[in-house]
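Colleague: I am new to this structure and would like to be taken through it. Could we go through it topic by topic?

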Amino acid sequence: QVQLVESGGGLVQAGGSLRVSCAASGRTFRSYGMGWFRQAPGKEREFVASITWSDRSTYYADSVKGRFTISGDRAKKTVYLQMNSLKLEDTAVYYCAIKTSSPSEYDAWGQGTQVTVSS
């Protein structure tokens, strides 16, 4: 069983920055990559960013490209999301996810951390 714990969420003014972190723990497992998703009130969960460990390639949703940066440490099983130039519409619960069974599917999720952007 893999556990993911997010941290670093909070309240920030529009235009500000915040970094959220995620640490994976549990039984020995392989990690193909990790990602961040978010869910705003009344909306479906959406992809934000991902990182693939084999080549450290990163992908971003168009809505955050140029503002958010995903990084991480495969050995430490941690992933970070640096969020800059935050907008009101970035307000959401941010979830960390990990791919352990295959490189194409996320199979474990964290409980989420709230990020609130105020005007």
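Colleague: Which residues do ring pairs link into a cluster?

Modeller: This is a predicted model. In it, ring pairs join Phe37, Phe47, Tyr106 and Trp109 into a cluster.

Colleague: How many aromatic pairs does the structure hold?

Modeller: There are four aromatic pairs in the structure. One of them is formed by Phe37 and Tyr106, whose rings are 5.1 Å apart centre to centre with 85° between the planes, an edge-to-face arrangement.

Colleague: Where in the chain do Phe37 and Tyr106 sit?

Modeller: Phe37 belongs to strand β4, whereas Tyr106 lies in the loop between β9 and β10 (108–109).

Colleague: Is Trp109 buried or partly exposed?

Modeller: Trp109 is partly exposed, because its relative accessibility is 33%. Tyr106, at 17% relative accessibility, counts as buried, since the cut-off for buried is under 20%.

Colleague: Over the face of which rings does Arg45 lie?

Modeller: Arg45 lies over the face of Tyr95, 3.9 Å from the ring centre. Arg45 also lies over the face of Trp109, at 4.8 Å from the ring centre.

Colleague: A change of topic, then. How many disulfides does the structure hold?

Modeller: The structure has one disulfide. It is formed by Cys22 and Cys96, with sulfur atoms 2.1 Å apart.

Colleague: Which parts of the chain does that pair link?

Modeller: Distant ones: Cys22 is in strand β3 and Cys96 is in strand β9, 74 residues apart. Cys22 and Cys96 are both buried.

Colleague: Why is the disulfide left-handed?

Modeller: The torsion about the S-S bond of Cys22 and Cys96 is about -80°, and the disulfide is therefore left-handed.

Colleague: What about the largest nonpolar core: which residues touch the most other members?

Modeller: That core has 30 residues, and those touching the most other members are Leu4, Met34, Trp36, Leu81, Met83 and Tyr94.

Colleague: Which strands each supply at least two residues of this core?

Modeller: They are β1 (2–7), β3 (18–26), β4 (33–39), β5, β7, β8, β9 (92–99) and β11 (113–118).

Colleague: Finally, the backbone. What is the phi of Arg56?

Modeller: The phi of Arg56 is near 55°, a positive value in a residue that is not glycine. Arg56 is in the loop between β5 (46–52) and β6 (57–60), and is partly exposed at 44% relative accessibility.

Colleague: And where is Lys77 found?

Modeller: Lys77 is in the loop between β7 (68–73) and β8 (78–83). Lys77 has a positive phi of about 55°, although it is not a glycine. The relative accessible area of Lys77 is 28%, so Lys77 is partly exposed.

Note on methods:
Residues are numbered from 1 along each chain as its sequence is written. This is a predicted model: local features need pLDDT of at least 70, side-chain atom pairs count only at pLDDT 80 or more; totals for chains, interfaces and linings use all residues. Side-chain values use heavy atoms; hydrogens and water are left out. Helices (H or I, at least four residues) and strands (E, at least two) are DSSP runs, numbered from the N terminus. Buried means under 20% relative accessible area, exposed over 50%, partly exposed in between (1.4 Å probe, protein chains only). A nonpolar core is a set of buried Ala, Val, Leu, Ile, Met, Phe, Trp, Tyr and Cys residues joined through side-chain atoms within 4.5 Å. A disulfide is a pair of cysteine sulfur atoms within 2.5 Å. Rings of Phe, Tyr and Trp (its six-membered ring) pair if their centres lie within 6.5 Å; planes under 30 degrees apart count as stacked, over 60 as edge-to-face and the rest as tilted. A charge sits over a ring if NZ of Lys or CZ of Arg is within 6 Å of the ring centre and within 35 degrees of the ring normal.
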